[in-house]
Amino acid sequence: MNITVSISPEIAAHVLAHFGHGGYEAGTFTRHLLSAMDAADPANLARLGEAFPAYAAAVVGIKYDPEGVAFLQRLASGGIACTNCGGSDGPFVTASASPLCEPCHQGQR
């Protein structure tokens, strides 16, 4: 099964702040959620990700992808553009070198 997750600039900023890479702090619940995700083993992170997939994807990216911090920083600052349409308003679907906005990913553009 291939699951696509969109990470909004706000989620990117929250995750960056939690890991000390800029961004801005989230509210109390989200701060606790990020702490739980940060401390979780892979199985429990996957379970949390069922309820909060974008946060889980951002946490996995920042912890395990060498380009994760840079990607989330660009996303949080609006510095990412869709490689198909050039739009920069997000949310974006992939953290790879070829990010797509949701409409382009879904074939709507």
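Visitor: How many salt bridges does the structure hold?

Guide: The structure holds two salt bridges. This is a predicted model, in which local features need pLDDT of at least 70 and side-chain atom pairs count only at pLDDT 80 or more, while totals for chains, interfaces and linings use all residues. Residues are numbered from 1 along each chain as its sequence is written, and side-chain values use heavy atoms, with hydrogens and water left out.

Visitor: Why is the contact of Glu25 with Arg31 called a salt bridge?

Guide: The term requires a side-chain nitrogen of Lys or Arg within 4 Å of a carboxyl oxygen of Asp or Glu. The closest N and O atoms of Glu25 and Arg31 are 3.3 Å apart, so the pair meets the definition.

Visitor: What makes Glu25 exposed or buried?

Guide: Buried means under 20% relative accessible area, exposed over 50%, and partly exposed in between (1.4 Å probe, protein chains only). Glu25 has 58% relative accessibility and therefore counts as exposed. Arg31, at 33%, is partly exposed.

Visitor: Which residue forms a salt bridge with Asp38?

Guide: Asp38 pairs with Lys63, their closest N and O atoms being 3.3 Å apart. This pair links distant parts of the chain, 25 residues apart: Asp38 lies in helix α2 (residues 28-39) and Lys63 in helix α4 (residues 53-64). Helices are DSSP runs (H or I, at least four residues), numbered from the N terminus.

Key: Helix = DSSP H or I, 4+ residues; strand = E, 2+ residues; numbered from the N terminus.
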